[in-house]
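Take a walk through this structure with the model open beside you.

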Amino acid sequence: MTEITTQLSTQLSRVRLHSRRTLPCGPASTATPPTLVAVAHGSRDPRALETVTALLDRVRAMRPGLPVRLGHIELNEPLLPDTLAGLDGDAVLVPLLLGRGYHTKSDIPAMAGVAPRVRARIAAPLGPHSLLAEALHDRLTEAGTRPEAPGTGIVLAAAGSRDPDSATDTGRTARLLSVRLGGVPVVPGYAAGAGATVEEAAAALRARGLRPVLASYFTAPGRFATASAAVLGPAAAPLGDHPALARLVLHRYDQSLRSRTASDREGAGAATVAV
């Protein structure tokens, strides 16, 4: 009996108990979190870079200690491949884009795939989301347009895309904004790609006896935002560095981390026996 007890004690001394502290940490961890890489489209309009920089300053203020970087798909520096080349470790790429399309499905994954020392995850684009409806509502109010006034209709001016998923996402944002405005009609109008133009969307609202007002569904000033405002003014400003947009950037980042943590836990559960 003594020999059996001694052998059992020896075996138990070799067992390491597993606890939650050994699992991958989520957004609340005290370890250095993955870098948030905001991916902007880029524009020749100098106000675009200024606006995105201000937005990321707001993100940093909301989440002190979080490493935040910027990379552009084109037209502005730093370009995304250059930003990723300067990183080492985990990163979450948050597209500052308002829906699915070629950039989110092809360009960004391709650039992330060749980064030499980065383990990158790509978060969902910003839209559609109720926080965008909040920001759009505020921008309309700031422009003095009285969006909830009787007889008003909203043209949701967007960049547009040939990808049908992009139009689906813009349509969902239009519905979210309509709900927030108490049922005011909101009709998408596109500066490019498929779908009704801004002029056609405004004409459709006038045909219903409504006064069209333009909501700028753009992250920052640029060619499409300027062209849309010229068609139907006065127009609300782009989303810019609105606090709701900064919260949404962090929400998409956290979403991606929660998804990774859940996947890691499932894998760990299959391989580890807890005592």
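Leu 75 is found in the loop between S2 and H3. Helices (H or I, at least four residues) and strands (E, at least two) are DSSP runs, numbered from the N terminus. Phi of Leu 75 is near 75°, which is a positive value in a residue other than glycine. Pro 78 lies in the loop between S2 and helix H3 (80-85) too. The peptide bond that leads from Glu 77 into Pro 78 is cis, with omega near 0°.

A word on the model. It is predicted, so local features need pLDDT of at least 70 and side-chain atom pairs count only at pLDDT 80 or more, while totals for chains, interfaces and linings use all residues. Residues are numbered from 1 along each chain as its sequence is written, and side-chain values use heavy atoms, with hydrogens and water left out.

Another cis bond runs from Gly 127 to Pro 128, with omega near -5°. Pro 128 sits in the loop between S4 and helix H5 (130-142).

Now the sheets. Strands of a sheet pair through backbone hydrogen bonds, either parallel or antiparallel. Here, two strands count as paired if DSSP finds at least two bridges between them. Four strands form an open sheet in the order S2-S1-S3-S4, and their pairing is parallel. Its edge strands are strand S2 (68-72) and S4, each pairing on one side only. From one strand to the next, the twist averages 30°. Angles run from 0 to 180 degrees between N-to-C directions, and axes are lines fitted to C-alpha atoms, for helices over the stretch in contact.

Strand S3 (residues 89-95) and strand S4 (residues 118-122) pair in the parallel sense over five bridges. Asp 90 stands opposite Arg 119 in S4. Leu 93 has Ile 122 of S4 as its bridge partner. What do S3, helix H4 (residues 102-113) and S4 make together? They make a right-handed β-α-β unit. Right-handed means that, with the strands pointing away from the viewer, the path from the first strand over the helix to the second runs clockwise.

H2 lies across strand S1 (35-40) and S2, running at about 155° to S2. Contact here means heavy atoms within 4.5 Å.

A further open sheet has three strands in the order S6-S5-S7, with parallel pairing. Strand S6 (186-190) and strand S7 (211-216) are the edges, each pairing on one side only. The twist averages 35° from one strand to the next. Five bridges join S6 to strand S5 (residues 152-158), and the two run parallel. Ala 158 has Tyr 190 in S6 as its bridge partner. Helix H7 (residues 198-207) lies across S5, S6 and S7, at about 165° to S5.

A pocket is an open set of points on a 1 Å grid over the protein atoms alone, where a 1.4 Å probe fits, with protein on both sides within 12 Å along at least five of seven lines; lining residues have an atom within 4 Å of a point. The volume of the largest pocket is about 1,100 Å³. Grid points are joined across faces, edges and corners, and a volume is the space filled by probe spheres set on the points. Its lining holds 42 residues, with His 41, Leu 97, His 103, Ala 159 and Phe 224 nearest the centre. Helix H2 (46-62), H4, helix H6 (164-180) and helix H8 (223-231) are the elements that give two or more residues to this lining.
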